[in-house]
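Hello,

Here is the structure for you to look over. My notes on the sheet follow below.

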Amino acid sequence: MAKITRERAERIAKAHLCRHCSEYSFKKLTTKPAPESIVKELGAAWIVTRVCGVCGYHGEIGIQDDGDIVFES
């Protein structure tokens, strides 16, 4: 399995709509490597924190090495 880059994880997160208002506009996006506990439990490689530019909803997305979204909160 090829590990995706931080830039690819950000593109995946931007392409996934806001859970609250279904828009694709984000005013803040923070991408960081997943902690070891999340890697073991869910297999996520990256955690992306997003703030919607339309409704202000704060959410997180966990992305696996292959680009699949594992969780959204």
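Seven bridges join E2 to E3, and the two strands run antiparallel. Strands (E, at least two residues) and helices (H or I, at least four residues) are DSSP runs, numbered from the N terminus. Two strands count as paired if DSSP finds at least two bridges between them.

Before you read on: this is a predicted model, where local features need pLDDT of at least 70, side-chain atom pairs count only at pLDDT 80 or more, and totals for chains, interfaces and linings use all residues. Residues are numbered from 1 along each chain as its sequence is written, and side-chain values use heavy atoms, with hydrogens and water left out.

Back to E2 and E3. Val51 has His58 as its bridge partner in E3. The hairpin of these strands has five residues between them, and Gly56 there takes a positive phi near 80 degrees.

On its other pairing, E2 (residues 44–52) meets E1 in the antiparallel sense, over seven bridges. Lys32 is partnered with Ile47 of E2. Thr30 is partnered with Thr49 of E2.

Why is E2 largely enclosed by the rest of the structure? Because eight of its nine residues are buried (under 20% relative accessible area, 1.4 Å probe, protein chains only).

The whole sheet is open, with four strands in the order E1-E2-E3-E4 and antiparallel pairing. Its edge strands are E1 (26–33) and E4 (69–72), each pairing on one side only.

Helix H1 (residues 6–14) packs on the sheet and touches E1, E2, E3 (58–64) and E4. Contact means heavy atoms within 4.5 Å.

Best wishes

Note on methods. Axes fitted to C-alpha atoms, helices over the stretch in contact; angles between N-to-C directions. Buried < 20%, exposed > 50% of the residue type's maximum accessible area, 1.4 Å probe, protein only.
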